[in-house]
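User: I would like to learn how to read helices and aromatic pairs in a model. Please take me through the features one at a time.

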Amino acid sequence: MPTVPQYERQVRDSALPAARITPSAELEAFGGGQSFQQATNAIQSYVLEEKKKADDIATTDAYAKAVQSRNRLLNDPAQGLITLKGKNAIGASEKYGDLFNKEMDSIEGGLANEDQRLVFRKIRQTQELDFNSDLQKYVYSETQRYDQETTSSAISASKDDAVQNYMNPGKVAESIKIQGALMDAFGARNGMPTELVEQKKREVISSTHTEVINRMINSDQDKLAKAYFDEVKPTLTGDDV
């Protein structure tokens, strides 16, 4: 039988040379590494910058709305605080304070994130201080004016009562007593000094006596007027005398 020649294997198995690739180079090859980090940082910086711009725009808009709301509540010619005069202004502080808070809550509710809301709360605090200051000044002014008008009206009514009914025993004295009480109450409500209240009372009493005397003279009761004058002369002020 023929013999097959045997050849010795010349090529032996051997390991391939190790590839010299560093981890960083490997990351770079697949889009990672330092380049990736730089790109990521740039994106993050861009996102933060855009968010800051958006927050600034939103809070600027919220500021404008807050100022407009404050001025509308105070000065709107149809429904603002300035439309309330005299007694109608009494109690307006609570009503318009609630309206202001609702307006501010609505503006804050329209903001997109907590950063915007934190900035707006500082804006709101400043606007609220200004609003409450203007509100209280106006209500105080109108309330005081109404108080003066009603007190003057009551004193005038009492004076007229004395003049028209001077022949009724005790009517003039009763009216003068009422006028003094009205002035005392007005002074207490408005923190007037005692000396000023007493001065106003003397003026009111003197005016009442003067009008009573004029009524007597106009009714051809000269003797009665003279006797009355002599009696009340110490209570009359210079011009009335």
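Analyst: Helix 4 comprises 51 residues and spans 72 Å from its first C-alpha to its last, close to the 75 Å expected at 1.5 Å a residue. The expected span is 1.5 Å times one less than the number of residues; helices (H or I, at least four residues) are DSSP runs numbered from the N terminus. This is a predicted model, in which local features need pLDDT of at least 70 and side-chain atom pairs count only at pLDDT 80 or more, while totals for chains, interfaces and linings use all residues. Residues are numbered from 1 along each chain as its sequence is written, and side-chain values use heavy atoms, with hydrogens and water left out.

User: How is a pair of aromatic rings described, and which residues form an aromatic pair that is stacked?

Analyst: Such a pair is described by the distance of the centres and the angle of the planes. The structure holds one aromatic pair (ring centres within 6.5 Å; planes under 30 degrees apart are stacked, over 60 edge-to-face, the rest tilted). Phe100 and Phe131 form this stacked pair, at 4.5 Å centre to centre and 15° between the planes. Phe100 lies in helix 3 (residues 92-109) and Phe131 in helix 4, so the pair ties together parts 31 residues apart in sequence.

User: Is Phe100 buried or exposed?

Analyst: Buried means under 20% relative accessible area, exposed over 50%, and partly exposed in between (1.4 Å probe, protein chains only). Phe100 is buried, at 1%, and Phe131 is buried, at 0%.

User: Where is Glu142 found?

Analyst: Glu142 is found in helix 4 (residues 114-164) and is buried, with a relative accessible area of 8%.

Key
Helix = DSSP H or I, 4+ residues; strand = E, 2+ residues; numbered from the N terminus. Phe/Tyr/Trp six-rings, centres within 6.5 Å; stacked < 30°, edge-to-face > 60°.
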